[in-house]
Amino acid sequence: RERRGQCTIYDIHGCTRSLRDSRVRHRRLDRVAKMDSLELWISLAIPVVLIVVGRVVGASIERNHYRDIIEREARSRTRPAVSSKESDAPGAIRSARLAVGSVVVSVDHFKRFLSGFRMIFGGEVRSYSSLIDRARREAVLRMKESQPDADAYLNTRLETSTIASTAGNEGMGTIEVLAYGTAVHYDRAP
């Protein structure tokens with residue numbers, strides 16, 4: 001039936017509404033649906049962008065850290081760090097001091113994301129292997145830098161520990177490595 005030039009339709013409750021009102025309502029619902037899809041894309045895109053940025057930045061930081069480690073290891077190659085308590089000293093030991101180096105290294109979010117998949121399927125978690133390798137090498141270098149004038153480092157030991165949050169089983173993705181040993185100085189022949 002006609003009412004002021006507009007059609008009247010019946011909704012599921014038997015109430016009458018104009019056709020124009022229902023079209024306006026559908027346009028609003030379309031806008032809401034478009035808004036919901038936009039919000040969905042944003043909510044999916046933000047984590048993906050953060051993971052990609054984490055991958056790029058994390059890889060760059062790791063690459064620079066490895067480059068720095070290699071340079072510092074080359075400079076200290078003449079001063080060995082050995083796990084033996086005794087050494088084939090070129091002379092008598094003049095002095096001995098404790099040398100300690102410690103480092104805390106964190107894993108980036110991209111590696112943490114990938115390690116979650118590896119934990120599902122099993123196998124070596126390579127992202128954490130490189131983290132531990134960097135931490136160990138850095139700790140030994142810091143130990144050597146704590147006693148830079150030593151000729152050798154005897155009885156070198158490495159201690160590792162993970163730093164975890166107390167509110168659950170998931171850790172923060174960081175590892176601490178402590179390197180310690182005896183920095184010895186040999187008597188030089190006159």
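Which residues are linked in a network of salt bridges? The answer is D68, R72, E138, R142 and E145, where a salt bridge means a side-chain nitrogen of Lys or Arg within 4 Å of a carboxyl oxygen of Asp or Glu. Keep in mind that this is a predicted model, in which local features need pLDDT of at least 70 and side-chain atom pairs count only at pLDDT 80 or more, while totals for chains, interfaces and linings use all residues. Residues are numbered from 1 along each chain as its sequence is written, and side-chain values use heavy atoms, with hydrogens and water left out.

**Overall layout**

- The protein has three helices and six strands, taken as DSSP runs (H or I, at least four residues, for helices; E, at least two, for strands) and numbered from the N terminus.
- Reading from the N terminus, the order of elements is β-β-β-α-β-α-α-β-β.
- Of the 190 residues, 26% count as buried; that means under 20% relative accessible area, with exposed being over 50% and partly exposed in between (1.4 Å probe, protein chains only).
- Take the contacts (heavy atoms within 4.5 Å) with a separation of 6 or more: residues 24 or more positions apart account for 73% of them.

- The average pLDDT (the predictor's confidence in each residue, from 0 to 100) is 78, and 74% of the residues score at least 70.
- Where pLDDT is low, the predicted coordinates should not be read in detail.

- By the salt-bridge rule, the count comes to seven.
- Because E145 lies in helix α3 and R72 in helix α1, the pair ties together parts that are 73 residues apart in sequence.
- E145 is partly exposed, at 42% relative accessibility.
- R137 and E73 form a salt bridge too, at 2.8 Å between the closest N and O atoms. R137 is in helix α3 and E73 in helix α1, so this pair joins parts 64 residues apart in sequence.

**R79, a buried arginine without a salt bridge**

- R79 is in the loop between α1 (19-75) and β4 (93-106).
- R79 is buried but has no salt bridge, and D149, the nearest side chain of opposite charge, is 6.9 Å away. For charges, Lys and Arg count as positive and Asp and Glu as negative, with His and the chain ends not counted.
- The side chains of R79 and Y153 do make a polar contact of 2.7 Å (a pair of N or O atoms within 3.5 Å; within protein, one must be able to donate a hydrogen and the other to accept it, and residues adjacent in sequence count only if both atoms are side-chain atoms).

- Most residues other than glycine have a negative phi.
- N155 is not a glycine, yet its phi is positive, about 55°.
- N155 lies in strand β5 (residues 152-164) and is partly exposed, with a relative accessible area of 24%.
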